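The exercises below are meant to be worked through with the sequence and the structure in view. Try each task before reading its solution.

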Amino acid sequence: MEPQSLKLESPFSLPVDSDNKATEFRPLQISPPHMRAFHLAWFSLFSCFFSTFSIPPLLPVIRDDLKLTETDIGNAGIASFVGSIFSRLAMGPACDLMGPRLASATLSLATAPIIMSASLVTSPTCFILIRFGVGFSLANFVASQFWMTSMFSPSVVGLANGVSAGWANMGAGVAQLVMPQIYHFCISLLDLPVSTAWRVSFLIPGLFQAVTAILVLAYGQDLPSGSYKDFRKAIKTPKDNFSEILHNGLTNYRGWILALTYGYCFGSELTTDNIIARYFYDRFGVNLQVAGMIAASVGLANLFSRPMGGALSDKMGRSFGMKGRLWGLWLVQTVAGLLCVLLGRVNSLWGSIAVLCIFSVFVQASSGLTFGVVPFVSKRSLGVITGMTGSGGTVGAVVTQMLLFSGSRFSMQTSISLMGLMMIVCTLPVTFINFPRWGGMFSGPSCNTSSSSPEEDYHLLHSGSDRKEST
């Protein structure tokens with residue numbers, strides 16, 4: 001009877017470890033604090049993806065109205081990625097200093113007026129600046145991953161991170177479907193002229209983003225035990241300054257390797273989203289509607305493929321420790337690279353569609369596997385490492401776009417195959433990652449695992465369950 005009474009006294013609806021982190025992941029529940037934090041995190045990030053990618057579906061109308069050139073449109077696309085790079089880097093330390101809830105809500109509320117101000121754009125320069133500013137909102141990806149790591153035990157954190165990011169990424173696809181409908185609603189039912197209708201349409205994503213931010217503030221909490229501020233007071237931890245947290249993260253070589261790896265899984269996915277519709281339209285002669293449907297399948301695969309990568313990382317971690325997580329990441333991303341090489345070489349329409357669908361699953365699963373490793377790199381500077389890795393994804397997209405898909409140096413199919421080769425090469429450094437406590441792909445834990453190196457001074461999210469990775 002005593003164990004049952006203890007269970008009844010638990011304030012949590014999910015089983016937890018010694019640090020009150022959930023050891024089970026039940027996405028169909030909304031019970032506080034763990035699953036409520038999960039739903040608030042992914043839904044808030046979903047709204048940011050929706051806002052950021054609400055502009056491309058209306059580009060044909062905006063282009064004609066503002067007299068945009070192809071150069072203007074290309075520069076605007078790059079600007080949106082550049083904004084995301086800087087904001088993701090800054091969001092990491094912000095989470096370390098103030099917690100994910102406040103950092104996430106603040107960014108969403110700050111960037112919501114930017115997407116609304118798209119209705120005031122009158123020139124190509126203003127349009128590029130708007131895309132640059134809206135891209136900052138995608139830094140909420142860092143807060144989302146930080147939040148999941150704060151709430152879920154290492155045994156399920158890969159799955160939690162994968163599902164949160166995968167469901168949030170669907171916001172980009174939903175924007176492609178919904179924004180044209182909002183635009184046509186403004187024309188047909190509100191009887192607005194074209195130049196006014198597309199401007200009014202951008203009030204919706206801005207309001208949506210602001211509402212999700214308010215929900216995060218009203219109903220979320222940083223940690224299972226409560227707010228981040230109260231947690232720091234309770235354990236009487238010395239307050240780190242920004243430079244200490246930043247230095248600790250930037251000097252950890254594992255973070256840089258994972259940033260490079262993520263640059264050629266998520267970065268390759270972003271690049272594919274940009275070019276694949278035009279590729280099928282030009283090479284196989286399909287119409288715009290069919291090309292759009294083929295391209296949409298890439299984003300929609302995030303519903304299950306990225307969560308599947310997170311689940312695989314957790315499974316490999318439970319079975320083989322950190323060695324399993326690293327081998328899983330290397331193998332899946334290498335296969336994704338090989339499929340990308342093949343995609344550029346297939347000469348039939350249906351063969352290309354089949355390879356594209358399989359490639360999408362593997363490349364998105366690689367993103368989930370990457371963030372199955374990130375939480376173990378440095379808990380003292382978890383936000384910095386998360387920000388570095390997240391920024392690596394957008395840097396990879398920018399670099400790949402500029403090297404392979406800008407200008408006419410290579411044919412489109414050759415560029416796709418070269419992108420696959422870059423994925424394979426940039427995944428190889430994963431073999432150099434080694435943790436003194438857990439080992440690496442080709443080595444076990446160091447002999448002296450009782451002491452902790454300075455970079456593993458885990459005073460923020462310390463978890464005794466981390467030791468399971470070595471079993």
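A disulfide is a pair of cysteine sulfur atoms within 2.5 Å. This is a predicted model, in which local features need pLDDT of at least 70 and side-chain atom pairs count only at pLDDT 80 or more, while totals for chains, interfaces and linings use all residues. Residues are numbered from 1 along each chain as its sequence is written, and side-chain values use heavy atoms, with hydrogens and water left out.

**Exercise 1.** Find how many disulfides the rule gives, and decide whether Cys 186 is buried or exposed.

Solution. Applying the distance rule gives a count of zero disulfides. For the second part, buried stands for under 20% relative accessible area, exposed for over 50%, and partly exposed for what lies in between (1.4 Å probe, protein chains only). Cys 186 has 3% relative accessibility and therefore counts as buried, and Cys 265, at 0%, is buried as well.

**Exercise 2.** Work out how α14 and α18 are oriented to each other, and which classes of residue make their contact.

Solution. Helices (H or I, at least four residues) are DSSP runs, numbered from the N terminus. Axes are lines fitted to C-alpha atoms, for helices over the stretch in contact, and angles run from 0 to 180 degrees between N-to-C directions. The axes of α14 and α18 come within 11 Å and cross at roughly 170 degrees. Angles under 35 degrees count as roughly parallel, over 145 as roughly antiparallel, 65 to 115 as roughly perpendicular and the rest as oblique, so α14 and α18 are roughly antiparallel. Their contact (heavy atoms within 4.5 Å) includes Phe 266 and Ile 276 of α14 and Leu 349 and Phe 359 of α18. Ala, Val, Leu, Ile, Met, Phe, Trp, Tyr, Cys and Pro count as nonpolar, Asp, Glu, Lys and Arg as charged, and the others, Gly among them, as polar; on that basis the contact has nine nonpolar, five polar and one charged residues.

**Exercise 3.** Describe the span of α20 and name the helices against which its buried residues pack.

Solution. The expected span of a helix is 1.5 Å times one less than its number of residues. With 16 residues (412–427), α20 reaches 23 Å from its first C-alpha to its last, close to the expected 22 Å. Among its buried residues are Met 412, Gly 420 and Cys 426. The buried residues of α20 pack against α13, α14, α17, α18 and α19.

Key. Helices (H or I, at least four residues) and strands (E, at least two) are DSSP runs, numbered from the N terminus.
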